Amino acid sequence: AIDSLKQLGLSVNLTVFDTGKDVDSVKQIISSNLLSESDLIIGPVYPECIKPVADFARENRIPIVSPLSPSNYLLNENPYLFQANPSFITQLECFVYKLDLCRDQNMVIIHEGDSTASSMVATYKELLQSKVVSCPNPDYIHFKEVTYTPGSAAAEVVEKLSHSLTLEKENLILVPSNSEAFVSDLLGNLHTLATYYEYPISIYGLPRWHKFKNVQIDYYYSLQLHLFTPFFVEYSNPTVKSFIVKYRDFFRSEPSQYSFQGYDVSFYFLSAMMKYGYDFKYCLQSHSVDLIQSEFQFNQINTISGYENRTIQLINYTKNFEQKKVRSSSINEETTLDYRSEDVHSPQGVIVK
């Protein structure tokens, strides 16, 4: 990132500290005053090491970026802290905001009824209900809610699910679950309904599904899965291609998600400082640069809080075995990727069990 910006005239004195996960090492660096003259601090990477450096940055009024941690509790009363990886709740809010819930469709929420996930499911439903309020006809929008335990007889599950589906319109199925066993079982049964009984189905899942190893990937495509994630690499992008070539040449290996994130964070903040100066945080709403796996839009809850990235990316698996990145605020407007890679005071929507 610095190499790219040097070609645009940026001059940087860069100091790198390898702290590992050792909080004591971080405290020693702070006490040595080696960070006192910094204009920008990126890291530490590990969440347990961020707090002492964030406190130091606040006391010395130095902008600091948390590049990977999704925990946003440190943003309270620290207007110098920037969190690049949005918290899960923030991702969920952005995801629901992008959903088009006002169309004529059959909406079904399916979860395992597990008490350990009850808080997340409740938050998910509250966000959906709030979004429905913004529709022109909220009184006519209803959600069905289905719970079941994985491992039940397939015929019984298929029959139970079919009672909530319709052949007349699209079945938008929302699955707020991070259980791989549950998701694998559910998608297998829904695949049967979509394939043999021709129910039109679209599934909306959670970011962790990207990492599942025991779910048949064919289900993602046949059920037109939509996932949200803060990071996604578009390998057809010329900037990405150039980065990969340089990375291979220098490191003799393939870049990982952390490699891409290092580039994005550094390029975004250093280019902002280059363009707007040390008070760049007041100008970030106007700062737009091409990154390689992230999109940044930082917002404060209040004037004394830190800045959290509030941008996610929506990825759609299509029946043509393509992955599409949804670029618009509407979940229906999409652009194909290279496969390698308003308040309305009305009653809230109803969830029907």
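I took a residue as buried when its relative accessible area is under 20%. The model is a predicted one. I looked up Phe243 first: at 13% relative accessibility, Phe243 counts as buried. Tyr247, with a relative accessible area of 16%, is therefore buried too.

I then placed this pair. Phe243 and Tyr247 both lie in helix H9 (residues 238-251), four residues apart, about one turn of the helix. I noted that an α-helix has 3.6 residues a turn, so residues three or four places apart point the same way. Ring pairs join Phe243 and Tyr247 into a cluster, whose members include Phe250, Phe260 and Phe267.

I turned to the aromatic pairs, of which I count 25. The ring centres of Trp209 and Tyr220 are 6.5 Å apart and the planes lie at 25°, so the pair is stacked. Trp209 belongs to the loop between strand S7 (201-204) and helix H8 (217-222) and Tyr220 to helix H8, so the pair ties together parts that are 11 residues apart in sequence. I found both Trp209 and Tyr220 buried.

Next I examined the largest nonpolar core. Among its 54 residues, Leu187, Leu190, Ile203 and Trp209 touch the most other members. Helix H7 (residues 180-196) gives the largest share of this core, six residues. A second, separate core has 27 residues, Tyr247 and Phe298 among them.

Last, I checked confidence. The mean pLDDT of the protein chain is 85, but pLDDT stays under 50 over residues 328-353.

Note on methods
Residues numbered from 1 in each chain as written. Predicted model: local features only at pLDDT ≥ 70, side-chain atom pairs only at ≥ 80, totals over all residues. Heavy atoms only, no water. Core = buried A, V, L, I, M, F, W, Y, C linked by side-chain atoms within 4.5 Å. Buried < 20%, exposed > 50% of the residue type's maximum accessible area, 1.4 Å probe, protein only. Helix = DSSP H or I, 4+ residues; strand = E, 2+ residues; numbered from the N terminus. pLDDT = per-residue confidence, 0-100. Contact = heavy atoms within 4.5 Å. Phe/Tyr/Trp six-rings, centres within 6.5 Å; stacked < 30°, edge-to-face > 60°.
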